[in-house]
Amino acid sequence: MGDIGENIKSVRGEIARRAAAAGREAGDVVLVAVTKTYGPEAINEAVRNGVTDIGENKVQEILDKHGAVLPVNWHMIGHLQRNKVKYVIDKVKMIHSVDSFRLAEEIDRRAGQAGITMDILVQVNVAEEESKFGASAAEAAGLIGEILEKCGNIRVRGLMCMAPFAYDPEEARPYFRQAKAMFDELGKSSHERLDFRYLSMGMSGDFGVAVEEGASMVRVGTAIFGARG
Ligand SMILES: *Cc1c(COP(=O)(O)O)cnc(C)c1O
């Protein structure tokens, strides 16, 4: 699996090069190291190498590892079932995968009980793939409007998207471009709980292209920790 520290350095180098190529600062891009299937030792090694944010796609993995690692910001990046919101509400800094009002409502309720405001991203399915979760481009504006109107304990921080799987990362570019256009458009509205800062897109295979197209958060697993077993 190689050396986690070296891998992080090379991912950060690639982020910096791609950001510079697009006239952006490397510091504008948050690296979320995706640790699914990897244990506390790997996570701690990443944290010791400067990683501040980690992502998990399953509630159970967050619960298993949360108490066993160095302080770090946790991100829920996978599909979240409403009945599991209560387990992660006080453990994660951000939920990237909000794709329905019913889920938002439950996050709002649990955040209220916990006395916090939860930062969320709305997941958009830009390619409209049947197999992926996420609101369609047409639904996203309505969903955000409804959240802002009715969910006083949620702050909407931006969008998350996944490009369709492809061997050539260039194939993801049009989807990332479309997501950035949506992000710019939706971020224009003004509301005290709308603070559009984060466009979460790009994974190990395509984060360079995502950064060029305006990602402000990339979610990288394999390129840091190695292939999952
Ligand atoms: C696993 C996962 C990633 C990271 O994927 P890699 O290809 O290992 O970098 C990013 N986002 C989500 C939602 C994931 O589930």
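Biologist: Hi! What should I know before I start?
Modeller: It's a predicted model, where local features need pLDDT of at least 70 and side-chain atom pairs count only at pLDDT 80 or more, while totals for chains, interfaces and linings use all residues. Residues are numbered from 1 along each chain as its sequence is written, and side-chain values use heavy atoms, leaving out hydrogens and water.

Biologist: How far is the side chain of Lys36 from an oxygen atom of the ligand?
Modeller: An N or O atom of that Lys36 side chain sits 2.7 Å from a ligand oxygen.

Biologist: And Ser204 and Gly221?
Modeller: Ser204 has a polar side-chain atom 2.5 Å from a ligand oxygen. For Gly221, a polar backbone atom is 2.8 Å from an oxygen of the ligand.

Biologist: New topic: how many disulfides are there?
Modeller: The count is 0 disulfides, taking a disulfide as a pair of cysteine sulfur atoms within 2.5 Å.

Biologist: Is Cys151 buried or exposed?
Modeller: Cys151 counts as buried because its relative accessibility is 1%. Buried means under 20% relative accessible area, exposed over 50%, and partly exposed in between, using a 1.4 Å probe and protein chains only. Cys161 is also buried, at 1% relative accessibility.

Technical notes
Polar contact = N/O pair within 3.5 Å; in protein donor to acceptor, adjacent residues only side chain to side chain.
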